[in-house]
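Please look at the sequence and the structure together while reading.

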Amino acid sequence: MTPADFLIILCLGVASAAPALDPSLDDEWQEWKTRYEKSYSSLVQAQKRAVWEENMKMVKMHNRENGLGKNGFTMKMNAFGDMSHKEYREMMTDIPVPAAMSEDSNQGGLSDIPKFKDWRREGYVTPVRNQGNCGSCWAFAAAGAIEGQMFWTTGNLTPLSVQNLLDCSKPQGNNGCEKGTANKAFQYVLHNKGLEAEATYPYEGRDGPCRYNSENSKAYINETVILPPHEIYLQVAVAAIGPVSAAIDASHDSFRFYSGGIYHEPNCSSYITNHGVLVVGYGFEGNETDGNNYWLIKNSWGENWGINGYMKIAKDRNNHCSIASQASYPNIF
């Protein structure tokens, strides 16, 4: 079969399987397309609209159930609204989790750890950015952790170059927009003895040649620390060190459309990771004994996702969504 034959068959299939659309959603569809600057060819418009309608119905159903007390978080339509679950899942890249370490997870001494922490309030966190269509979550998580440590050291909060990490950390095992880990990004900065700022090496959202200029370096690190895969170690690090990079299971539609509350997804894995985030704090809602503990994470999907770009994800619930499975941070001294 030639490519032309395949295209003809595909087009015929699209024409004969045109989905039935709900005209009552016309206004919301147009508003959503305008807000997220979406436009489609006539060939795919109906299919995208059908996927969007299914996602819209799922979000509305979830929020109705939330109103009845059936779950603890809300969802909303966002830029991912025209993607099927399969398309969304294909965005994710499984990140290998190191073998579990045997350190004793005794929680002695936790009384000295603050019950709340939010490093945004102390000036350690730069504004939320958007990775776009590039799988650069790992680089945003790494840059965020280094930004926090540089602020600790210098008192200056400088957005660092994610593009520098994308283009230049391939010798350490990262692969640009395809996949990577924050720890390998830290290894690059350690070996390179520097990292540029966003101002001199701006984000492009695609792979490119390494263009690092040591004269423009604005950050460095002295060592990297990989935490044992237990939430207690993550809490101690976030409390004492600053923002910490982590990797989570973000493959569920509930994560894709999250908008508020404490995220708890029954199908979330406790050992699979596929998305890099930055843990910037933790806390609890209601009374401390209610069990409504959460981690506060910074995502790289723009301010229109989640709580202005952030999420509260369930804490102390069996490593929910693998939050502690691959946490690491840089040391600067």
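A246 is buried, because its relative accessibility is 5% and the cut-off for buried is under 20%. This residue lies in strand β6, which covers residues 244–248. The model shown here is a predicted one. Which residues does A246 contact, once neighbours within four places in sequence are left aside? They are H275, G276, V277, V279, I323, Q326 and A327. A further residue to look at is A324: it stands 78 residues away from A246 along the chain, yet the two C-alpha atoms are separated by 6.8 Å.

H85 belongs to helix α4, residues 85–91. With a relative accessibility of 39%, H85 counts as partly exposed, because that class lies between the 20% limit for buried and the 50% limit for exposed. Not counting residues up to four places away in sequence, H85 touches S251, D253 and R256. H85 and G283 are 198 residues apart in sequence, and in space their C-alpha atoms are 31 Å apart.

The next topic is the backbone of a loop. The loop between β10 (310–314) and β11 (328–331) contains N319. The phi angle of N319 is near 55°, which is a positive value in a residue other than glycine. C321 lies in the loop between β10 and β11 as well, and its phi is also positive, at about 60°, although C321 is not a glycine. Are these residues buried or exposed? N319 has a relative accessible area of 12% and is buried. C321 is buried too, at 1% relative accessibility.

A positive phi is also found just after helix α7, where K193 takes a value of about 65°. Helix α7 itself spans residues 182–192, and its buried residues are A182, N183, A185, F186, Y188 and V189. What do these buried residues pack against? The list holds the helices α5 and α6 (162–168), together with the strands β3 (195–196), β5 (223–226), β6 and β11.

L165 leads on to the nonpolar core. The largest nonpolar core has 83 residues, and those that touch the most other members are I146, L165, L234, F255 and I323. Which helix gives the most to this core? Helix α5 (residues 137–154) does, with nine residues.

Helix packing can be followed in one pair. Two packed helices are described by the angle between their axes and the distance between the axes. For helix α2 (residues 26–35) and helix α3 (residues 45–67), the angle is about 105° and the axes are 11 Å apart. Angles from 65 to 115 degrees count as roughly perpendicular, and α2 and α3 are therefore roughly perpendicular to each other. Where they meet, α2 supplies D26, E28, W29, W32 and K33, while α3 supplies Q45, K48, R49, W52, M56 and K60.

The last topic is the aromatic rings. A pair of aromatic rings is described by the distance of the centres and the angle of the planes. A search of the whole structure finds 23 aromatic pairs. In one of them, the rings of W32 and Y36 have centres 5.9 Å apart and planes at 50°, so this pair is tilted. W32 counts as buried at 5% relative accessibility, and Y36 is buried with a relative accessible area of 15%. Another pair is formed by Y258 and Y263, with ring centres 6.1 Å apart and planes at 85°, so the pair is edge-to-face. Y258 is buried, at a relative accessible area of 0%, and for Y263 the value is 0% and the residue is likewise buried.

Y258 and Y263 are part of one aromatic cluster, which also holds F73, F80, Y88, F255, W301 and W305. Two lysines are placed over rings of tryptophan. K117 lies over the face of W119, at 4.2 Å from the ring centre. K315 lies over the face of W295, and there the distance from the ring centre is 5.1 Å.

Note on methods. Residues are numbered from 1 along each chain as its sequence is written. This is a predicted model: local features need pLDDT of at least 70, side-chain atom pairs count only at pLDDT 80 or more; totals for chains, interfaces and linings use all residues. Side-chain values use heavy atoms; hydrogens and water are left out. Rings of Phe, Tyr and Trp (its six-membered ring) pair if their centres lie within 6.5 Å; planes under 30 degrees apart count as stacked, over 60 as edge-to-face and the rest as tilted. Buried means under 20% relative accessible area, exposed over 50%, partly exposed in between (1.4 Å probe, protein chains only). A charge sits over a ring if NZ of Lys or CZ of Arg is within 6 Å of the ring centre and within 35 degrees of the ring normal. A nonpolar core is a set of buried Ala, Val, Leu, Ile, Met, Phe, Trp, Tyr and Cys residues joined through side-chain atoms within 4.5 Å. Helices (H or I, at least four residues) and strands (E, at least two) are DSSP runs, numbered from the N terminus. Axes are lines fitted to C-alpha atoms, for helices over the stretch in contact, and angles run from 0 to 180 degrees between N-to-C directions. Angles under 35 degrees count as roughly parallel, over 145 as roughly antiparallel, 65 to 115 as roughly perpendicular and the rest as oblique. Contact means heavy atoms within 4.5 Å.
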